[in-house]
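Biologist: I would like to go through this model feature by feature. Please give the general idea each time, then the case at hand.

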Amino acid sequence: MSNDTKPHNIYFLSDAHLGSLAIAHPRMQERRLVNFLDSIKHKAEAVYLLGDIFDFWYEYKTAVPKGYTRLLGKISELTDLGVEVHFFYGNHDLWQHDYFEKECGMILHPHSEVVELHGQTFYLSHGDGLGTDDKKFKFLRAIFHNATCQRLFSALHPRWGMAFGLEWARRSRLKREDGKEPPYQGENNESLVLFAKDYLKTHPDINYFVFGHRHIELDLMLSRTSRLLILGDWITLFSYAVFDGEHMFMENFMEGETVN
């Protein structure tokens with residue numbers, strides 16, 4: 001392939017929560033995501049998965065969760081084709097070791113990162129814990145990230161550990177009204193917007209903040225040169241962002257439609 005025709009589109013998506021016990025027709029949901037990845041495999045330079053792709057993923061040293069073979073196979077096909085696939089840890093799938101990297105060729109990102117893409121500066125993160133003072137959430141997040149707590153959880157048999165994790169995630173989702181995230185709360189009440197605005201005060205060179213986590217679609221100008229995007233989800237919205245090297249825009253994937 002010549003340099004003139006080399007794919008340069010960069011795709012961003014998050015929050016599929018595959019395997020969720022609270023989502024109907026999980027196999028159809030996974031297939032839709034796989035079909036999307038298949039439709040972009042010859043157009044993509046890179047794909048950024050910004051967390052919570054799985055509702056619960058815990059990678060034991062000698063065992064990985066059952067299922068997801070269609071998705072992981074398709075991701076492996078993309079990386080074999082030379083497409084970079086980046087996986088940012090979410091609050092539901094932060095327990096990684098090396099399976100995604102060694103078996104699927106993904107590039108893992110445990111933390112938020114600032115990256116340069118085609119001359120534009122991106123702040124990329126799942127978004128959990130940013131801009132919030134919720135002490136309960138931060139306490140749980142600290143437990144989940146604690147190495148000692150992770151070792152103790154590893155002592156559970158995978159049958160019990162995975163069942164516990166998926167049930168915990170299901171109950172957490174069903175606590176919300178109709179099992180959905182609250183709608184957009186406005187610039188002055190959205191923690192990710194507040195975080196980005198504060199970060200811009202000391203890092204005015206950021207062109208794009210791209211987050212998951214909130215399950216809403218948001219495209220907001222923060223300044224003349226800076227935009228914030230929240231990616232929605234792959235539960236009901238099937239939304240993603242694409243950067244073509246010059247322009248950034250949001251789309252929704254509908255089966256059978258041509259993807260840019």
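Modeller: We begin with a term: a strand is a DSSP run of E with at least two residues, numbered from the N terminus. The model is predicted. In it, Y208 is found in strand 7, which covers residues 208–211.

Biologist: Is Y208 buried or exposed?

Modeller: Buried means under 20% relative accessible area. Y208 has 8% relative accessibility, so it counts as buried.

Biologist: Which residues does Y208 touch, leaving out those up to four places away in sequence?

Modeller: Contact means heavy atoms within 4.5 Å. By that rule Y208 touches Q120, T121, F122, Y123, R227, L229, F243 and M248.

Biologist: How should I read the pairing of strands?

Modeller: Strands of a sheet pair through backbone hydrogen bonds, in either the parallel or the antiparallel sense. Here strand 7 pairs with strand 9 in the parallel sense, over four bridges, and V210 stands opposite L229 of strand 9. Strand 8 (residues 217–221) runs antiparallel to strand 9, with five bridges joining them; E217 is opposite L231 there. Five residues lie between strand 8 and strand 9, which form a hairpin.

Biologist: How many residues of strand 9 are buried?

Modeller: Five of the five residues in strand 9 (227–231) are buried. Both of its faces are covered, with R227, L229 and L231 on one side and L228 and I230 on the other.

Biologist: What is the order of strands in the open sheet?

Modeller: The order is 4-3-2-1-10-11, six strands with mixed pairing. Strand 4 (107–109) and strand 11 (248–252) are the edges, each pairing on one side only. From one strand to the next the twist averages 20°. At one end of that order, strand 10 (residues 239–243) and strand 11 run antiparallel and are joined by five bridges. F243 is opposite M248 of strand 11, and both F243 and M248 are among the residues that Y208 touches.

Biologist: Which strands does helix 1 lie across?

Modeller: Helix 1 (residues 26–40) lies across strand 1 (9–13), strand 2 (44–49) and strand 10, and runs at about 170° to strand 1. From first C-alpha to last, its 15 residues reach 22 Å, close to the 21 Å expected at 1.5 Å a residue.

Biologist: Which residues of helix 1 are buried, and what covers them?

Modeller: An α-helix has 3.6 residues a turn, so residues three or four places apart point the same way. In helix 1 the buried ones are Q29, E30, R32, L33, V34, F36, L37 and I40. Their cover includes strand 1, strand 2, helix 2 (69–80) and strand 10.

Biologist: Why is the pair of Y11 and F36 called edge-to-face?

Modeller: Ring pairs with planes over 60 degrees apart count as edge-to-face. The planes of Y11 and F36 are at 85°, with ring centres 6.1 Å apart, so this pair is edge-to-face. Y11 belongs to strand 1 and F36 to helix 1, 25 residues apart, so the pair links distant parts of the chain. Y11 counts as buried because its relative accessibility is 0%, and F36 counts as buried at 0% too.

Biologist: Where does the charged end of R32 sit?

Modeller: The charged end of R32 sits over the ring of F238, 3.6 Å from the ring centre. F238 also belongs to a cluster linked by ring pairs, together with Y11, F36, W234, Y240 and F253.

Notes: Residues are numbered from 1 along each chain as its sequence is written. This is a predicted model: local features need pLDDT of at least 70, side-chain atom pairs count only at pLDDT 80 or more; totals for chains, interfaces and linings use all residues. Side-chain values use heavy atoms; hydrogens and water are left out. Two strands pair if DSSP finds at least two bridges between them. Axes are lines fitted to C-alpha atoms, for helices over the stretch in contact, and angles run from 0 to 180 degrees between N-to-C directions. Rings of Phe, Tyr and Trp (its six-membered ring) pair if their centres lie within 6.5 Å; planes under 30 degrees apart count as stacked, over 60 as edge-to-face and the rest as tilted. Buried means under 20% relative accessible area, exposed over 50%, partly exposed in between (1.4 Å probe, protein chains only). A charge sits over a ring if NZ of Lys or CZ of Arg is within 6 Å of the ring centre and within 35 degrees of the ring normal. The expected span of a helix is 1.5 Å times one less than its number of residues.
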